[in-house]
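Subject: Handover of a structure and the findings on it

Dear colleague,

Please find below the sequence and the structure that I am handing over to you. The findings follow after it, arranged by topic.

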Amino acid sequence: MERKARKQAKKAKKKGGDGNEESKQQQTGKGKTEDKEGQEESSKPKKTVKVDKTEKDVKKETNKSNKTVKVDKVKPAPTPSTSVPNKKEENKKKTPKEPVQEKQQQTQGSEVGGDEADGATGGKSKAELKRERREKQEAQRLAKMAAKTKAVEEKQPKKKVESQADKKSSTVDKKKKGSGDAGKSGKEKSGDKKSTKRRIPLLGHLTPPALQAPHAPVNSEIIHPAVRTLGIKMKDRVIDGSTARVISTLVALKKLINDYQTPESCDLSRDLAEKLAPNVEYLNACRPQAVAMDNAIRFLKHKVNSIAPNMPEGQAKDELRTAIEDYIKENITLASSAIASHAAYLMQPNDVILTFGYSGLVCEMVEAACKNGNIVNVVVADSPQPPSGLAMVQRLASLQVPTYYRLITDITNVMDKVTKVVVEAEAVMMNGAIQGLCGTTSLALAAATYHKPFIVLCHTYKFCNNDLTDSIVVNELGDADKVVWGPKGSNAGLLAGWQETRNLNVVSLVYDVTPASLVTVLVTEQSVLPTSAVPVIIRRNYADVLGQD
Amino acid sequence: MPAQSSLSEECGGENAALLLLKFLKIRQEHKMCNCYIASVEIKMRPEVQAVVLAAGPGMRMTALTATSPKCLLPLATLPMLAFPLHLLQQAGLEEATVVVAAGEEVRVSKVVEQCGLTINVDSAPVNTSTDPGTADSLRHILHKIKRNVDDVVIVSSDLVTDVKLQDVLDFHRAHGSTLTALTAPLTPPQHQPAPGPKTKPFTSSDVMVTESESGRLVLVVAGGDYDHTLTLPSVRSSKAPLLVSTSLLDAHLYIVKRSILEQCLAKESACQDMGSFKAEILPYIVSRQFQPQNKEAGPDEDFESLVSQYNTSVVMSRHHTSASFSSITCYAYKHQGLCVRVNTIPTYWDINRRMYSLIDKVLPGLSEPRRHPSAQIHEKAQVSEDSVVGAGTLVSEKTNITSCVLASHCRVDPMARLSNSVLAHHTAITSGCVVENSLVRASLNHKCVLKNCIVTDSSRIQEGKTYMNEILEATPEFV
């Protein structure tokens with residue numbers, strides 16, 4: 001623990017040392033960091049009036065702090081490194097990373113806690129622990145002071161220094177553990193990339209789409225080939241749509257489990273969970289996980305964790321494989337046909353159904369309705385980018401269903417002919433809100449305006465115990481360049497250089513959120529429900545999986 | 001844990017923190033050990049195995065390959081083989097199987113340490129007396145291909161490129177490709193003319209037919225396998241526009257699924273008599289894409305049909321609902337950067353002359369200095385900036401060297417003048433020689449003037465003579 005504290009102090013000091021150089025660059029006046037400062041607000045005017053004095057003060061203070069730090073056995077006077085000028089970029093980088101970092105700290109914290117618990121059994125008194133903690137705090141405080149004195153000059157928020165030091169030390173510690181190196185380096189790399197791209201106002205918290213798969217050497221010891229292939233396919237959108245992604249993720253992880261061998265002196269459940277983590281992280285770096293994927297992975301992790309330690313490896317692997325297969329069968333194959341028949345029951349002869357883009361579930365529903373003898377007409381509204389509805393039309397045409405293809409811009413013209421709007425949800429939130437592919441909400445609004453029922457089909461494994469009220473907080477950024485280049489025509493690429501154009505932001509969001517009030521009815525494999533029943537379903541079915549966090 | 005109990009006894013007031021620190025350290029080390037052992041014991045299944053085909057005799061550059069195997073010919077100061085090996089190493093591959101001509105194993109395996117590479121080379125000798133083709137070489141090492149890899153990367157030893165193998169692999173993975181071939185636009189050599197007698201350039205180029213957007217290979221015919229006309233077989237059902245090209249270089253870098261490679265190389269397969277991978281097996285695999293396949297009716301282990309049923313992607317692939325993909329799909333990865341096969345004298349000459357500017361691009365991370373520190377250049381010697389000087393080379397005073405490549409351990413005596421020339425390892429240039437635009441692979445012991453010449457036998461040089469556009473090689477014994 002003291003070691004950690006020392007490291008922090010060193011890091012903070014180093015930052016402080018760097019500060020001198022940086023301040024020269026920053027003194028020209030950078031407005032961006034100022035509003036973040038808060039605490040040092042008061043010191044600023046002083047600085048601008050009497051620069052000399054503050055500098056002197058700072059020198060004095062740093063000397064002092066150097067001394068005090070020396071007492072605390074921190075190596076003095078680190079040489080200022082030259083790798084600072086892109087502080088601004090670091091600033092940007094930090095925002096999306098923070099949750100990860102918090103997680104790291106959490107895990108670390110729990111570990112340390114474990115160690116302490118072990119120590120306590122070995123005769124550690126509370127007072128001793130307290131004392132250590134105080135020492136650590138002291139060291140941190142000193143480090144902070146040292147950093148702060150410089151920070152006053154360089155207008156660097158104190159908080160940042162601290163958190164950076166924390167972050168670094170925690171990553172260092174994590175690396176020491178020797179696992180997940182490749183995954184991490186991949187993450188850092190994607191972080192670098194982020195900083196080069198411009199952030200969009202209001203949506204700065206969302207990860208921009210990965211241009212390249214995170215770097216990992218060929219024949220990596222950590223990332224399974226199937227996982228890597230899948231990651232690249234998801235990144236390139238070769239596999240898209242939450243259901244397809246869930247199935248292929250589970251299949252890839254099944255392959256991993258197939259090839260997995262427990263090392264000696266290790267529990268299968270513990271070791272496998274450790275091996276799964278970087279692979280899941282890799283998939284996440286290729287493309288942010290969909291809610292449904294998150295649920296499926298949680299399910300798998302839960303299964304892995306609940307394997308008894310004394311179970312033979314072969315049996316455990318068999319159990320996991322069948323668990324995965326059953327999960328796909330129950331939650332997707334069988335559930336889909338149940339949903340299709342439930343929804344087909346709602347259809348009447350000569351209904352005109354409006355749907356959005358490609359949806360396997362809606363196709364199955366139409367198929368089931370046809371089998372019931374209800375000939376329905378389908379209007380496929382499609383977004384221009386990506387035009388997934390084309391495949392939908394093709395599939396419906398092969399079922400010999402009367403089909404109309406329209407772009408979503410044009411749905412108001414067909415709304416009075418339409419009798420029902422049926423869409424598939426990507427996820428359903430605890431508050432009944434529907435996360436669908438971007439464009440779904442327009443259909444819901446149109447349905448509400450024209451007083452048409454808005455029917456949402458969804459598997460219950462896509463239910464999620466989060467509340468969402470808008471599509472900004474949780475969303476995914478699509479490739480904005482595709483929007484710019486989208487339609488093939490003479491003016492394609494007119495905005496090719498949009499990133500250089502100031503005040504122009506091109507945004508492509510993947511999901512949108514439809515509030516529960518716009519949803520007439522939710523069709524799940526369990527029954528046809530109002531959105532207010534969502535919490536019941538989540539509680540009933542997923543308490544064991546969703547509960548553990 | 002024993003460390004813990006002993007520590008807890010010692011624990012007393014003042015030292016507690018220090019001891020705890022010690023204790024944590026021990027624990028951490030312990031943990032690290034565990035992890036280390038774990039990572040040694042259990043590795044993730046390897047995905048890719050690399051095979052370098054380096055047994056080629058260099059039939060199109062016999063003047064140079066008479067004395068040394070093609071894969072060891074120096075490009076600047078490094079042997080040719082170092083380039084594909086470096087390409088593999090950059091991608092993170094830790095070992096490669098290198099097929100070499102029998103008798104050259106030792107020299108080949110020395111290449112690795114000589115060039116500062118870290119990749120493990122497993123050299124597999126083949127008997128070259130029967131003139132084996134690339135397919136024969138592959139058949140020879142088939143047993144060395146691990147049973148659990150997904151893909152095999154096949155690289156020719158004469159490939160010089162700045163492509164990132166990772167990108168090609170990612171392309172291969174994303175498309176679910178059975179065979180991916182690296183292609184690049186053919187570029188004419190920049191440095192002309194090459195030394196030696198004037199010859200007609202090698203004209204018959206490969207014909208490649210690809211779908212212009214996806215890059216899917218539709219037809220491949222190797223150069224020389226067709227006459228003036230070529231008939232496209234009507235095998236296609238998709239309406240994607242096709243691109244017929246004769247200006248694409250097939251770089252001889254293939255990523256092939258292990259299963260299909262084994263199928264093709266097996267004894268009872270249809271291609272058991274095929275000798276060349278590129279000219280025969282590649283067209284065979286490509287043509288098999290469009291043959292009707294009897295779909296295996298077994299249980300769908302990978303839920304592939306289920307995935308395609310729910311896939312909302314707009315990218316055509318085997319996971320797409322409306323796509324009817326057979327189990328074999330071949331793609332061409334189109335690389336826009338540098339990509340050269342060094343298999344003729346003009347390309348060898350060109351790459352050698354360009355190596356000064358290319359070396360950072362094609363060997364990133366392997367800092368081979370253009371002026372080796374152990375080279376001794378006399379201060380009164382004039383050596384132009386764009387010359388490459390290898391290790392242990394001695395350049396005497398009053399010499400003039402412009403745009404030359406001097407490989408390692410060369411000796412240039414006083415009063416020699418070299419321009420636009422390439423010297424092989426251990427070549428000595430006696431004083432007073434004038435060498436222009438020439439490829440010198442043997443010591444010049446007599447004063448002479450060489451223009452556009454290739455020298456492989458020094459005994460052919462006579463004192464004071466001038467040679468133009470000649471190949472001065474050892475005469476075959478029977479003459």
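In which helix of chain A is the place of Lys126(A)? Lys126(A) belongs to helix H6 of chain A, which covers residues 126-154. Please keep in mind throughout that this is a predicted model.

A charged patch on chain A

Lys126(A) is one member of a patch of positive charge on the surface, together with Lys130(A), Arg133(A) and Arg134(A). With a relative accessibility of 75%, Lys126(A) counts as exposed, because the cut-off for that word is over 50%.

Salt bridges

Over all chains, the count of salt bridges comes to 27. Three of them, in chain A, are described here.

Lys235(A) is joined to Asp236(A) by a salt bridge in which the closest N and O atoms are 3.2 Å apart. Are these two residues buried or exposed? Lys235(A) is buried, at a relative accessible area of 15%, whereas Asp236(A) is partly exposed, at 30% relative accessibility.

In a further salt bridge, Glu325(A) meets Lys254(A), and the closest N and O atoms are 2.7 Å apart. This pair links distant parts of the chain, 71 residues apart: Glu325(A) lies in helix H13 (residues 313-346) of chain A, and Lys254(A) in helix H10 (residues 242-259) of chain A. Glu325(A) counts as partly exposed, with 27% relative accessibility, while Lys254(A) is buried, with a relative accessible area of 4%.

Glu476(A) and Arg287(A) form a salt bridge through their side chains, at 2.8 Å from N to O. Here too the pair links distant parts of the chain, 189 residues apart. Glu476(A) is in the loop between strand S8 (463-464) and helix H17 (480-485) of chain A, and Arg287(A) is in the loop between helix H11 (268-286) and helix H12 (291-305) of chain A. Both Glu476(A) and Arg287(A) are buried. The two also belong to one network, in which salt bridges with shared partners join Arg237(A), Asp240(A), Arg287(A) and Glu476(A).

Backbone geometry

Most residues other than glycine have a negative phi, and most peptide bonds are trans. The following places are therefore worth a look against that background.

The peptide bond between Gln385(A) and Pro386(A) is cis, with an omega of about -5°. Pro386(A) sits in the loop between strand S2 (377-382) and helix H15 (389-398) of chain A.

Gln400(A) is not a glycine, and its phi has a positive value, near 60°. This residue is in the loop between H15 and strand S3 (403-407) of chain A, and it counts as exposed at 72% relative accessibility.

In chain B, Asn420(B) also has a positive phi, near 50°. Asn420(B) is located in the loop between strand S22 (417-419) and strand S23 (422-423) of chain B, and it is partly exposed, with a relative accessible area of 28%.

Strands of chain B

How many residues of strand S9 (residues 207-211) of chain B are buried? Five of its five residues are buried, and the strand is mostly covered. Val207(B), Val209(B) and Glu211(B) point one way from S9(B), while Met208(B) and Thr210(B) point the other way.

S9(B) pairs in the antiparallel sense with strand S10 (residues 217-221) of chain B, over four bridges, and Val209(B) stands opposite Leu219(B) in S10(B). The hairpin of S9(B) and S10(B) has five residues between the strands, and there Gly215(B) takes a positive phi near 85°. S9(B) also pairs in the antiparallel sense with strand S11 (residues 242-245) of chain B, over four bridges. Met208(B) has Ser245(B) as its bridge partner in S11(B).

Elsewhere in chain B, six strands form an open sheet with parallel pairing, in the order S17-S20-S23-S26-S28-S30. Strand S17 (388-389) and strand S30 (471-472) stand at the edges with a single partner strand each, so one side of each has no neighbour in the sheet. Within this sheet, strand S20 (residues 405-406) and S23(B) pair in the parallel sense over two bridges, and Val405(B) has Val422(B) in S23(B) as its bridge partner.

Yours sincerely,
A colleague

Note on methods. Residues numbered from 1 in each chain as written. Chains lettered and ligands numbered in written order. Predicted model: local features only at pLDDT ≥ 70, side-chain atom pairs only at ≥ 80, totals over all residues. Heavy atoms only, no water. Buried < 20%, exposed > 50% of the residue type's maximum accessible area, 1.4 Å probe, protein only. Patch = residues over 30% accessible without salt bridge, like charges linked within 9 Å, V, L, I, M, F, W, Y side chains within 5 Å. Areas by Shrake-Rupley, 256 points an atom, 1.4 Å probe, with all protein chains shown as cover. Salt bridge = Lys/Arg side-chain N within 4 Å of Asp/Glu carboxyl O. Lys, Arg positive; Asp, Glu negative; His and termini not counted. Charge placed at Lys NZ, Arg CZ, Asp CG, Glu CD. Pairing = 2+ DSSP bridges.
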